[in-house]
Amino acid sequence: MNEDKNIRLDRMRYTKNTTASGLALLAILFNVFYFISIYESDVGSWYYNILIGASILYNLVFMLAAFLSSEGIKNYKIGYSYAMIILGVIQLARIFIYPMRAHAATVTIQEQAIVVMGTAQFIRTVLYLALSAACLFAGAVVGIIRSRALAGHLATLESKAA
């Protein structure tokens, strides 16, 4: 049994951490769904402000950072796991920016009050951000566990060689 564990750990030196990397890529996909859901909305001029520009810029930075984390965690670099945790926390915080504000807002178009974001879209956008964060957290946990296991295995190999 111990031999099987050593083989699995030794094999990690030659294989990539595709599980954690795939979860980071899945988080990007959920962010893209969020991005599409928000920016396809055209309810009056409510979305036309400086916050939308900042949101677009953040989405680009998020996707680049998540992709970089995906590539770094693939090679068992533990620092990228912590970056994924930070990105996940920010994804959860984003729920309170656009989805909450838009769901509570109304605009008047042709003398009719119209809700900026309906309940279905609100639930969908919150779900996309929550799933994106969950993927980042899960990928980070997998990355931390596997990175530490590989580092411990490499340390035992070095001590045996010395």
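In this predicted model, Glu111 is found in the loop between E1 and E2.

**The hairpin and its turn**

- Strand E1 covers residues 106-109 and strand E2 covers residues 112-115; the two pair in the antiparallel sense, with 4 bridges.
- Within this pairing, Thr106 has Val115 of E2 opposite it, and Thr108 faces Ala113, also in E2.
- E1 and E2 form a hairpin, and 2 residues lie between the strands.
- Gln110, in the turn, has a positive phi of about 50 degrees.
- Glu111 also has a positive phi, about 65 degrees, although it is not a glycine.
- Glu111 has a relative accessible area of 79% and is therefore exposed, since exposed means over 50%.

**The chain as a whole**

- The protein chain has 162 residues, and buried residues make up 35% of them.
- The radius of gyration of the chain is 21 Å, whereas a compact globule of 162 residues would have a value near 15 Å.
- The C-alpha trace spans about 80 × 30 × 20 Å along its principal axes.
- Of the contacts between residues at least 6 apart in sequence, 80% join residues at least 24 apart.

**Helix H1 against helix H6**

- Helix H1 (residues 2-11) packs on helix H6 (residues 119-161) at an angle of about 105 degrees, and their axes are 9 Å apart.
- H1 is therefore roughly perpendicular to H6, a term that covers angles of 65 to 115 degrees.
- On the H1 side, the contact involves Asn6, Leu9 and Asp10; on the H6 side, it involves Ala149, Leu150, His153 and Leu157.
- By type, the residues of this contact are 4 nonpolar, 2 polar and 1 charged.
- Arg11 is also in helix H1.
- Arg11 counts as exposed because its relative accessibility is 57%.
- Arg11 and Leu150 are 139 residues apart along the chain, and their C-alpha atoms are separated by 9.5 Å.

**Two further residues of helix H6**

- Arg148 lies in helix H6 and counts as exposed, at 52% relative accessibility.
- Apart from neighbours within four places in sequence, Arg148 is in contact with Ile78 and Tyr82.
- Between Arg148 and Ile78 there are 7.8 Å in space, C-alpha to C-alpha, and the two are 70 residues apart in sequence.
- Leu129 is in helix H6 as well.
- Leu129 counts as buried because its relative accessibility is 0%, and buried means under 20%.
- Leaving out residues up to four places away in sequence, Leu129 touches Asn31, Tyr34, Gln91, Arg94, Ile95 and Pro99.
- The C-alpha atoms of Leu129 and Gly22 are separated by 17 Å, and the two residues are 107 residues apart along the chain.

**Tyr76 in the loop between H3 and H4**

- Tyr76 lies in the loop that joins helix H3 (50-74) to helix H4 (78-94).
- Phi of Tyr76 is positive, near 60 degrees, in a residue other than glycine.

Notes
Residues numbered from 1 in each chain as written. Predicted model: local features only at pLDDT ≥ 70, side-chain atom pairs only at ≥ 80, totals over all residues. Heavy atoms only, no water. Pairing = 2+ DSSP bridges. Axes fitted to C-alpha atoms, helices over the stretch in contact; angles between N-to-C directions. Parallel < 35°, antiparallel > 145°, perpendicular 65-115°, else oblique. Contact = heavy atoms within 4.5 Å. Nonpolar A, V, L, I, M, F, W, Y, C, P; charged D, E, K, R; others polar. Rg over C-alpha atoms; globule rule 2.2 N^0.38 Å. Buried < 20%, exposed > 50% of the residue type's maximum accessible area, 1.4 Å probe, protein only.
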